[in-house]
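Subject: Structure handover

Hello,

Here is the structure for you to take over. My notes on what was found in it follow below.

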Amino acid sequence: MKQDAVHDGLIQINNAARIGKKEILINFASKLLIQVIDVMRRYGYVEDYEPIHISPEIIKVRVVLSGRINECKPTKPYMPVKVKNLQKYIERHLPGRGIGILILSTPKGVLSHEEAIKENVGGILLGYVY
């Protein structure tokens, strides 16, 4: 589709995890997608990633998956979420308490829902992974 790098990247990661691939190359990446992948790495869903800068506007990312991903999806449309309403989205998108993370773009950077609650900051819900 090549319209939204975060959406396309998360779908590619989900598809690769479903068929059991260990490593993928995302050809259409952005700085925001790299930050999302970094959050996934902090929580153990991605083992490693390496951005490959072809030119200033073209970025590719090599991602090594950990094998822990059951589902990794973007939320469309991206929804603004206040920290007091975050529990509603946790219940809507995650399968159970303590399973998975929501990924938010906040004024303090790209954070998981747990980090956003600690920082007491809301933001735009980009996707989820469990």
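Asp 48 is partly exposed, because its relative accessible area is 38%, which falls between the 20% limit for buried and the 50% limit for exposed. Please keep in mind that this, like everything below, comes from a predicted model.

Asp 48 and its strands

Asp 48 belongs to strand β2. Leaving aside neighbours within four places in sequence, the residues in contact with Asp 48 are Arg 62, Val 63 and Val 64.

Strands β2 and β3 run antiparallel and are joined by eight bridges. One of the bridge pairs puts Ile 52 with Lys 60 in β3.

The cores

The largest nonpolar core holds 27 residues, and the members that touch the most others are Ile 13, Ile 37, Met 40 and Val 63. At least two residues of this core come from each of α1 (5–19), β1 (23–26), α2 (31–42), β2 (46–55), β3 (58–65), β5 (101–106) and β7 (123–129). Helix α2 gives the largest share, six residues. A separate core of 14 residues lies apart from this one, and includes Ile 90, Leu 102, Leu 104 and Tyr 128.

What does Ile 13 contact, leaving aside its neighbours within four places in sequence? The list is Ile 24, Ile 26, Ile 37, Met 40, Leu 65, Ile 69 and Cys 72.

Strand β7 and its partners

Strand β7 is largely enclosed by the rest of the structure, because six of its seven residues are buried. On the pairing side, β7 is antiparallel to β4 over six bridges, and antiparallel to β5 over five bridges. Cys 72, named above as a contact of Ile 13, stands opposite Val 129 in β7. Leu 102 has Tyr 128 in β7 as its bridge partner, and both Leu 102 and Tyr 128 are among the residues of the 14-residue core.

Rings and charges

How many aromatic pairs does a search of the whole structure find? There is one. The pair is Tyr 128 with Tyr 130, and it is stacked, with 6.2 Å centre to centre and 10° between the planes. Tyr 128 and Tyr 130 are both buried.

Two charged side chains sit over tyrosine rings. The charged end of Arg 68 is over the ring of Tyr 45, at 4.6 Å from the ring centre. The charged end of Lys 76 is over the ring of Tyr 78, at 4.9 Å from the ring centre.

Backbone points to check

Most residues other than glycine have a negative phi, and most peptide bonds are trans. Two places depart from this. The peptide bond between Lys 76 and Pro 77 is cis, with omega about -5°; Pro 77 lies in strand β4. Asn 120, which is not a glycine, has a positive phi of about 55°.

Asn 120 is in the loop between α4 and β7. Is Asn 120 buried or exposed? Asn 120 counts as exposed, because its relative accessible area of 57% is over 50%.

Helix α4 covers residues 113–119 and contains Glu 115. The side chain of Glu 115 reaches the backbone nitrogen of Ser 112 at 3.0 Å. Leaving aside neighbours within four places in sequence, Glu 115 is in contact with Arg 42 and Tyr 43.

Lys 84 lies in the loop between β4 (72–81) and α3 (86–93). Lys 84 counts as exposed because its relative accessibility is 67%. Lys 84 and Leu 126 are 42 residues apart in sequence, with 17 Å between their C-alpha atoms.

Gly 20 is in the loop between α1 and β1. With a relative accessible area of 58%, Gly 20 is exposed too. The C-alpha atoms of Gly 20 and Gly 109 are 30 Å apart, and the two residues are 89 apart along the chain.

Regards

Key. Residues numbered from 1 in each chain as written. Predicted model: local features only at pLDDT ≥ 70, side-chain atom pairs only at ≥ 80, totals over all residues. Heavy atoms only, no water. Core = buried A, V, L, I, M, F, W, Y, C linked by side-chain atoms within 4.5 Å. Buried < 20%, exposed > 50% of the residue type's maximum accessible area, 1.4 Å probe, protein only. Helix = DSSP H or I, 4+ residues; strand = E, 2+ residues; numbered from the N terminus. Contact = heavy atoms within 4.5 Å. Polar contact = N/O pair within 3.5 Å; in protein donor to acceptor, adjacent residues only side chain to side chain. Pairing = 2+ DSSP bridges. Phe/Tyr/Trp six-rings, centres within 6.5 Å; stacked < 30°, edge-to-face > 60°. Lys NZ or Arg CZ within 6 Å of the ring centre and 35° of its normal.
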